[in-house]
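Let's take a look at this one together. Have the sequence and the 3D view open as you read.

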Amino acid sequence: MKSYNIGIRLVRNADDSSNEIITAKENINPPESTNKALIVYFSWGGNTRGVAQEIQRQTEADIVELTLVEPYSTDYNTVLMEAQEDQHDQARPKLNEHIDNMEQYDTIILGYPNWWASIPMPIATFLESYDLSGKRIMPFCSHGGGRFGQSLTAIAKLAPDSEISEGLSVHYSGGSALSDDVAEWLDESGF
Ligand SMILES: Cc1cc2nc3c(=O)[nH]c(=O)nc-3n(C[C@H](O)[C@H](O)[C@H](O)COP(=O)(O)O)c2cc1C
């Protein structure tokens, strides 16, 4: 194990909203709508979920949380190892959600936590499950200091025919600046 986890463990608990686990399966198949953006995210500890919900609040876009058929451990040290193994194996963990009407969306607002300087493998499963060619991907990530790491490169490889636009990286939950940061990003992204 790298020494990485020693550095972030202490800070993470300082945010009392980050440990909240909410199951949000209600929007598995987003309804038909005139909104052409879909927010898709994976979150382990809740920080990415909080960012996704703020983006949803500001855009009113449809939103889907990706969950796993075999969820990661809820124990922090265990998930660190599981995530590292998944990344090493280039695993494609099975997702519970399937988005039937992907063709109606031209923008995917894609959120995830920075895991070992890249995407969590469920994001790879998602990207490989759909034909996203011609769509715009707007990435956002929650991180403990490493911002996007190599995750944008990983996304570009998995979605070679999509346009990856400017991303938003948020430190843990984003704190009190979250709403403004999201608004600025959406504005710069043409929303
Ligand atoms: C398995 C794992 C690996 C992580 N690796 C990194 C990393 O490489 N760089 C970083 O800045 N933060 C890393 N973190 C911290 C998370 O990115 C950070 O806590 C984020 O806010 C978690 O989002 P979530 O609450 O939506 O899961 C890691 C966290 C976990 C659980």
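Which residues in helix 3 are buried? Keep that in mind while you turn the view; keep in mind too that this is a predicted model.

The buried residues of helix 3 are L80, A83 and D86. They sit on the same side of the helix, because they cover an arc of only 135° around the axis.

The face pointing away from the buried side carries exposed residues, namely N77, T78, E85, H88 and D89. As for length, helix 3 takes in residues 76-89, 14 residues in total. From first C-alpha to last it reaches 20 Å, close to the 20 Å expected at 1.5 Å a residue.

## The whole chain

Stepping back, the protein chain has six helices and six strands. Read from the N terminus, the order is α-β-α-β-α-β-α-β-α-β-β-α. Out of 191 residues, 37% count as buried.

## Strand 3, covered on both faces

Strand 3 (residues 107-113) is mostly covered, with seven of its seven residues buried. In a regular strand the side chains alternate between the two faces of the sheet. Here, T107, I109, G111 and P113 are on one side, I108, L110 and Y112 are on the other, and all are buried.

What does strand 3 pair with? On one hand there's strand 1 (residues 37-41), which runs parallel to strand 3 and is joined to it by five bridges; I39 stands opposite I109 there. Strand 4 (residues 136-143) also pairs with strand 3 in the parallel sense, over seven bridges, and Y112 stands opposite C141. Strand 3, helix 4 (residues 121-129) and strand 4 together form a right-handed β-α-β unit.

## The nonpolar core

The largest nonpolar core counts 40 residues. L38, I39, V40, I108 and I109 have the most contacts inside it.

Take a closer look at I108. Setting aside neighbours within four places in sequence, I108 is in contact with L38, V40, L132, K135 and I137.

Terms used
Residues numbered from 1 in each chain as written. Predicted model: local features only at pLDDT ≥ 70, side-chain atom pairs only at ≥ 80, totals over all residues. Buried ≥ 20, exposed ≤ 12 C-beta atoms within 10 Å, placed from the backbone. Helix = DSSP H or I, 4+ residues; strand = E, 2+ residues; numbered from the N terminus. Pairing = 2+ DSSP bridges. Right-handed = clockwise from strand over helix to strand, strands pointing away. Core = buried A, V, L, I, M, F, W, Y, C linked by C-beta atoms within 7 Å. Contact = placed C-beta atoms within 7 Å. Expected span 1.5 Å × (residues − 1). Arc of directions from axis to C-beta.
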